[in-house]
Amino acid sequence: MNGKAEDPGVTRRWARAIEFQSLRKYVDPMLGEVEVLKSSRTGELIAVRELRTTSELEAARYLATLRERQALNGGPMIRLDDVSTESSAGLCGRLYIIKGFYELSRLNLHTEMETRRRRGGGFAPAELAVILGQGLEALQRLQRAGTSHGDVRPETIGVEKSSSDAPRLEGVKLIDRLGDPSPLEQLQRNNKAAHREIFISPQL
């Protein structure tokens with residue numbers, strides 16, 4: 001990131017918090033452990049990922065990572081709506097809480113594939129073209145930013161469908177993996193550190 005790093009100890013509230021209520025906590029296949037919020041005004045769903053740490057350095061790094069991810073918003077990438085920060089002093093030192101607020105896809109590609117398989121159907125050629133075209137566009141956006149996904153699976157691809165009586169798949173959205181690195185992601189990091197060639201595959 002350019003410029004001075006943000007201080008994770010400064011309180012920054014999520015501007016839209018007043019219109020959202022908590023629904024539940026669960027492990028999302030795309031985002032990992034999240035809290036789901038729902039807008040009382042529009043019904044929009046937001047998934048909140050949270051880091052709690054007593055390490056100022058870890059908090060600052062995570063905040064910087066979220067800001068870099070926020071800069072990738074647009075196109076077929078799941079939107080990171082905003083980031084909030086707060087801190088408090090306790091017996092074990094200062095606690096930092098960093099939250100990322102993501103749009104939440106109601107369906108992912110794995111769920112859609114399984115539903116169609118049980119019904120004896122599949123995807124139309126036009127729908128397959130959407131999956132491939134928009135999936136590759138999202139990967140290219142990551143690569144242009146100097147990163148790679150490393151763990152593209154149907155579970156990490158959100159699905160957007162039309163609202164007609166016979167809904168068709170109209171779009172897909174990809175999220176960069178923010179959990180613990182997969183073996184392939186760790187290999188990519190090692191290759192970068194050693195200045196070796198980085199293998200990047202769409203895996204779609």
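Visitor: Does Ser88 count as buried, partly exposed or exposed, and at what relative accessibility?

Guide: The model is a predicted one. Ser88 sits in strand β4, residues 80-90. Buried means under 20% relative accessible area and exposed means over 50%. Ser88 therefore counts as partly exposed, with a relative accessibility of 37%.

Visitor: Which residues does Ser88 touch, not counting residues up to four places away in sequence?

Guide: A contact here means heavy atoms within 4.5 Å. With residues up to four places away in sequence left out, Ser88 touches Gly93, Arg94 and Leu95.

Visitor: What distance separates the C-alpha atoms of Ser88 and Thr54?

Guide: Along the chain, Ser88 and Thr54 are 34 residues apart.

Visitor: In what order do the elements of the protein run from the N terminus on?

Guide: The protein has four helices and eight strands. Starting at the N terminus, their order is β-β-β-α-β-β-β-α-α-β-β-α.

Visitor: What span does helix α3 reach from its first C-alpha to its last?

Guide: Helix α3 covers residues 125-144, which is 20 residues. At 1.5 Å a residue, 28 Å is expected. The span in the model is close to that, at 28 Å.

Visitor: Why are the buried residues of α3 on the same side of the helix, and what arc do they cover?

Guide: The buried residues of α3 are Glu127, Val130, Ile131, Gly135, Ala138, Leu139 and Leu142. An α-helix has 3.6 residues a turn, so residues three or four places apart point the same way.

Visitor: Which elements do the buried residues of α3 pack against?

Guide: On the other side of α3, Pro125, Ala126 and Arg144 are exposed. The buried residues of the helix pack against α2 (109-118) and β8 (169-174).

Visitor: Which residue just after α3 takes a positive phi?

Guide: Helix α3 covers residues 125-144. Just after α3, a positive phi of about 85° is taken by Gly146.

Visitor: Which strand gives the most to the lining of the second largest pocket?

Guide: This pocket has a volume of about 220 Å³. Of its 13 lining residues, the closest to the centre are Glu103, Leu104, Ser105, Arg106 and Val159. The lining divides into four nonpolar, two polar and seven charged residues. The most, three residues, comes from residues 157-161, strand β7.

How values were computed. Residues are numbered from 1 along each chain as its sequence is written. This is a predicted model: local features need pLDDT of at least 70, side-chain atom pairs count only at pLDDT 80 or more; totals for chains, interfaces and linings use all residues. Side-chain values use heavy atoms; hydrogens and water are left out. On a 1 Å grid over the protein atoms alone, a cavity is a set of points where a 1.4 Å probe fits but cannot get out, and a pocket is an open set with protein on both sides within 12 Å along at least five of seven lines; lining residues have an atom within 4 Å of a point. Grid points are joined across faces, edges and corners, and a volume is the space filled by probe spheres set on the points. Helices (H or I, at least four residues) and strands (E, at least two) are DSSP runs, numbered from the N terminus. Ala, Val, Leu, Ile, Met, Phe, Trp, Tyr, Cys and Pro count as nonpolar, Asp, Glu, Lys and Arg as charged, and the others, Gly among them, as polar. The expected span of a helix is 1.5 Å times one less than its number of residues. Buried means under 20% relative accessible area, exposed over 50%, partly exposed in between (1.4 Å probe, protein chains only).
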